[in-house]
There are 2 protein chains.
Amino acid sequence: MSTIVSVDTRDIRFPTSLELDGSDAMNPDPDYSAAYVTIRTDAADGLEGHAFVFTIGRGNDVQVAAIDALRAHLVGLDVEELLADMGAASRRLTHDSQLRWLGPEKGVMHMAIGAVVDALWDLRAKRAGRPLWLHLASLDPEELVSLVDFRYLTDALTPDEALAILRDAEPGRTERTAHLIETGYPAYTTTPGWLGYSDAKLERLCREAVADGFGQIKLKVGADLDDDVRRLGIARRAVGPDFPIAIDANQRWDVADAIAWVNALAPFGPAWIEEPTSPDDVLGHAAIARGVSPVPVATGEHVANRIVFKQLLQAGAMQVMQIDATRVGGVNENIANLLLAAKFGVPVCPHAGGVGLCEAVQHLSMFDYVAVSGTMDGRMIEYVDHLHEHFVTPTEVVRGRYVTPMAAGAGTEMRPASIAAHTWAGADVEARA
Amino acid sequence: MSTIVSVDTRDIRFPTSLELDGSDAMNPDPDYSAAYVTIRTDAADGLEGHAFVFTIGRGNDVQVAAIDALRAHLVGLDVEELLADMGAASRRLTHDSQLRWLGPEKGVMHMAIGAVVDALWDLRAKRAGRPLWLHLASLDPEELVSLVDFRYLTDALTPDEALAILRDAEPGRTERTAHLIETGYPAYTTTPGWLGYSDAKLERLCREAVADGFGQIKLKVGADLDDDVRRLGIARRAVGPDFPIAIDANQRWDVADAIAWVNALAPFGPAWIEEPTSPDDVLGHAAIARGVSPVPVATGEHVANRIVFKQLLQAGAMQVMQIDATRVGGVNENIANLLLAAKFGVPVCPHAGGVGLCEAVQHLSMFDYVAVSGTMDGRMIEYVDHLHEHFVTPTEVVRGRYVTPMAAGAGTEMRPASIAAHTWAGADVEARA
């Protein structure tokens with residue numbers, strides 16, 4: 001038996017706003033940041049669980065405070081007992097009635113719970129000596145179902161239905177695991193398309209993306225229609241007539257604006273329109289999906305929980321589901337999201353980028369391929385070549401595909417030197433705000 | 001000209017779980033708490049703005065940290081300029097792109113913004129020498145419209161439509177103000193119905209509620225159907241066949257459970273079913289509303305923002321809107337909610353209780369009566385006789401009606417002695433958790 005002895009947090013910030021990397025119509029000057037948590041035990045193996053919530057700067061201290069508020073729920077617990085029933089571990093945090101009042105299941109407190117749950121998964125995968133995707137894909141369907149909190153889901157997905165989906169995917173697990181290790185997982189790149197870039201830089205990065213083997217690029221839109229028409233024209237000419245170009249409005253529009261704007265950009269053949277409006281607006285997304293058809297609507301990076309994802313699927317409001325590794329209540333809730341997507345036949349193309357999101361979310365897509373949807377068709381993971389050097393097991397993308405990670409753990413551990421160098425001192429990033 | 005010189009916070013907690021006051025199917029042991037903020041200026045008038053976020057215990061420190069994160073946005077600002085355009089003041093906080101990532105517009109960060117906005121309204125009303133309800137009801141329709149953030153609302157409510165609603169209500173303002181001051185505003189009481197109470201206490205409190213002149217009582221349900229049938233029977237016999245009894249499940253159910261459970265309780269003629277399921281589940285509420293008709297569905301105390309309220313109205317999912325004073329982005333967003341309710345013809349019956357929620361939310365209902373909906377028909381404010389003694393201008397309810405407050409301010413200022421006595425020392429409440 002071993003015991004959790006500490007839950008340590010760090011406020012880690014990178015001054016990315018200085019370069020306008022990551023600039024879009026709603027987020028003009030993000031400072032990519034991580035509210036970082038490390039769980040330590042007294043076990044002889046010396047293994048630690050690491051995870052984080054990604055934020056874009058100010059407020060990262062609030063996110064750290066929320067993780068700190070969970071410390072008392074964990075320190076002193078029996079590690080083996082906790083890790084043996086990760087469904088119970090997740091519910092123990094999510095269903096704390098007093099903390100639940102601060103959401104429920106949304107925003108700062110919910111993301112903090114997600115980070116702690118993910119740190120436990122990192123520890124469990126390290127103990128199993130496997131990358132998280134393979135560890136999850138090795139669990140039997142019954143245990144996977146036990147991880148999911150079906151509260152508020154059963155009108156769309158019951159435990160029995162989830163079990164049936166997982167059992168259907170069981171026969172091919174071995175072959176798909178081998179195929180995944182051999183070929184990796186498709187990626188697309190957002191690198192060319194940030195709003196802050198010049199036209200010349202946009203064109204050069206579009207050509208490089210195609211040359212690098214990516215299967216899709218994505219452009220930020222929504223600040224100015226004339227600019228968007230010009231930039232999409234540049235991109236379309238650079239990549240050729242058939243190469244997929246997704247567009248991303250980062251919640252900029254109301255419903256009528258979204259429909260008019262996307263239809264104005266439709267001649268450029270967008271692969272999808274991402275985040276056309278508020279992530280809370282299920283009915284708005286449904287109206288937009290009807291109004292811009294056949295352009296698919298994609299959303300999810302700001303969707304607060306499985307209950308909103310459920311409705312987006314029920315309403316036909318979302319043709320591409322974009323889970324985010326650190327927005328919801330951790331691996332457990334994202335397994336619920338993957339099962340919902342499988343039930344409704346919607347492809348999952350995760351949001352990534354920021355700091356560490358590629359490292360984290362690739363495990364979920366790869367698990368999905370092996371054990372849930374059983375396919376990579378129409379699926380790809382977002383990729384931004386940025387800040388990977390700060391991770392112990394950095395994401396590798398080769399010829400437009402994520403190289404399947406084989407190191408033990410969830411991929412969410414930062415290098416000690418990076419943690420030390422980027423722990424926030426207070427004024428350095430904030431002062432420029 | 002004067003300047004904001006400080007934004008001070010306090011973590012205030014009351015050990016209410018010791019008495020099982022406030023116990024329900026989802027919140028078995030709340031410790032009513034306030035993340036409290038005081039805004040001070042260097043003006044000669046010495047007036048301060050006070051407000052808070054209500055929480056139920058653990059995590060109140062996180063809520064305080066979120067308010068602290070807003071300090072840098074306020075200290076040093078010109079007070080007169082800020083208070084003269086409260087729409088801009090609200091958007092300045094809500095649209096901070098880095099803080100927005102932590103929601104957007106939901107949970108801990110959004111509630112913190114609400115508290116700061118409300119503290120500014122408290123200060124502004126004190127400077128105007130009027131209670132907040134009267135101050136708001138004295139503003140011209142154009143200024144009221146300027147307070148509302150219409151982003152994500154225009155598919156349901158445009159600024160022109162809001163202006164028309166407010167102009168329609170303008171002619172009778174003087175008469176309704178006089179009537180309100182004379183008669184007060186209807187209240188209903190939740191005091192009898194907490195789950196933790198014995199049958200004898202339930203029956204006694206039901207009889208007292210009728211004798212005290214309340215127009216409705218409310219019972220918590222959802223933990224055990226047999227218990228609910230027994231308790232509703234006791235309550236119905238105590239109050240007589242025609243007296244309204246609302247029931248409140250505090251988000252306990254999935255959709256099918258809600259429909260079955262409410263239909264099983266339908267013979268007792270519930271006045272409404274409150275929070276049958278997740279506050280995020282618009283489509284679920286719509287399905288429940290269809291399934292339990294003619295029992296009206298009420299919700300709102302955990303609805304995160306105006307965007308979710310908009311959809312509940314669009315979907316016909318909510319027949320009674322229950323705004324909460326400290327759940328959303330403050331007075332400004334609640335004005336948006338009142339206008340949405342008016343547009344869709346749905347009555348607003350606010351959630352209150354906790355600590356200070358009665359004091360705060362009465363101003364919104366009274367403003368609604370004078371300047372928005374123009375009616376009290378089918379409207380009432382929840383009332384719980386609890387913790388009012390800690391406020392400088394405590395709520396008064398006489399013969400089942402809120403006595404219209406006439407003191408200057410928003411009602412949200414706590415007594416210095418109460419603040420001092422109940423500032424959280426760390427272990428006293430938490431240790432029993």
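Predicted model: local features only at pLDDT ≥ 70, side-chain atom pairs only at ≥ 80, totals over all residues.
Which residues in H11(B) meet which residues in H12(B)? On the H11(B) side they are B:Asp199, B:Leu202, B:Glu203, B:Cys206, B:Arg207 and B:Val210, and they meet B:Arg230, B:Arg231, B:Ile234, B:Ala235, B:Ala238 and B:Val239 in H12(B). Contact here means heavy atoms within 4.5 Å.

Residues are numbered from 1 along each chain as its sequence is written, chains are lettered from A and ligands numbered from 1 in the order in which they are written, and side-chain values use heavy atoms, with hydrogens and water left out. Helices (H or I, at least four residues) and strands (E, at least two) are DSSP runs, numbered from the N terminus.

**Helix packing in chain B**

Helix H11 (residues 199-211) and helix H12 (residues 225-239) of chain B pack at about 35°, and their axes are 9 Å apart. Those axes are lines fitted to C-alpha atoms over the stretch in contact, with angles from 0 to 180 degrees between N-to-C directions. The crossing of H11(B) and H12(B) is right-handed, that is, the near helix is turned clockwise from the far one by less than a right angle.

**Helix H16 of chain B**

The 14 residues of H16(B) (residues 331-344) should span 20 Å at 1.5 Å a residue, and the end C-alpha atoms are 20 Å apart, which agrees. The expected span is 1.5 Å times one less than the number of residues. Of the 14 residues of H16(B), 11 are buried (under 20% relative accessible area, with exposed over 50% and partly exposed in between; 1.4 Å probe, protein chains only). After H16(B) comes B:Gly345, with a positive phi near 70°.

**Two copies**

Chain A can be laid on chain B with an RMSD of 0.0 Å by a turn of 180° and a shift of 0.0 Å along the axis. The copies are thus related as by a two-fold rotation axis. Superposition is by least squares on the C-alpha atoms of residues with pLDDT of at least 70 in both.

In H14(A), the buried residues pack against elements of both chains:

| Chain | Packing partners of H14(A) |
|---|---|
| A | helix H13 (255-265), strand E7 (270-274), strand E8 (297-299), helix H15 (306-314) |
| B | helix H14 (282-292), helix H15 (306-314) |
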